[in-house]
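I opened my notebook to look at one protein model. Here is what I looked up, entry by entry.

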Amino acid sequence: MEKLTFSLCFIGFFLCLIMCTNSVQGKTWCVAQSQATEPKLQQVPDYLCGQLDCKEIQPGGSCFNPNTVRNHASYAIDLNFQINGVCDISYATPAVTDPSFGTCVYP
């Protein structure tokens, strides 16, 4: 029984370690839902970038590539979330894993 308890504790610790290394403690992002349609996602940066500074997803910006609707929408969604605290679950989802990649750093 003692070996079983130790094994379960070790497995729990290991899983926690894996989960914690993939996220920044206390930080949350908001990104495009995987099932959201491209036409819906295209509306997001069209609207939000009229209100926010989306220069990073413009040509030459650090988050322009990959130049996809989903990538640009995710950046705009998160920018709005970080500034206004809004994560519209009709097309977005909260994330605890940092979506930044390469030179693209999400707010």
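My entries below go from the overall layout to one helix pair, and then to a single loop residue.

**Ground rules.** I am working with a predicted model, where local features need pLDDT of at least 70, side-chain atom pairs count only at pLDDT 80 or more, and totals for chains, interfaces and linings use all residues. Residues are numbered from 1 along each chain as its sequence is written, and side-chain values use heavy atoms, with hydrogens and water left out.

**Layout.** I noted 3 helices and 2 strands in the protein; these are DSSP runs numbered from the N terminus (helices are H or I with at least four residues, strands are E with at least two). Starting at the N terminus, I read the order as α-β-α-α-β. Of the 107 residues, 31% are buried (under 20% relative accessible area; exposed is over 50%, partly exposed in between, with a 1.4 Å probe and protein chains only). I also looked up contacts (heavy atoms within 4.5 Å). Among those with a separation of 6 or more, 77% join residues 24 or more positions apart.

**Helix H3.** I found that H3 has 16 residues and spans 22 Å from first C-alpha to last, close to the 22 Å expected at 1.5 Å a residue (the expected span is 1.5 Å times one less than the number of residues). Its buried residues include His72, Tyr75, Ile77 and Leu79. Just after H3, I spotted Gly85 with a positive phi of about 75 degrees.

**H2 against H3.** Two packed helices are described by the angle between their axes and the distance between the axes. For H2 (residues 38-48) and H3 (residues 69-84), I got about 45 degrees and 9 Å. Axes here are lines fitted to C-alpha atoms, for helices over the stretch in contact, and angles run from 0 to 180 degrees between N-to-C directions. H2 and H3 are therefore oblique to each other (under 35 degrees is roughly parallel, over 145 roughly antiparallel, 65 to 115 roughly perpendicular, the rest oblique). The contact involves, among others, Leu41, Val44 and Leu48 of H2 and Ala73, Ala76 and Ile77 of H3.

**Gln33.** I found Gln33 in the loop between strand E1 (29-32) and H2. Is Gln33 buried or exposed? Gln33 is buried, at a relative accessible area of 13%. Not counting residues up to four places away in sequence, Gln33 touches Arg70, Ile89, Ser90, Tyr91, Ala92 and Thr93.
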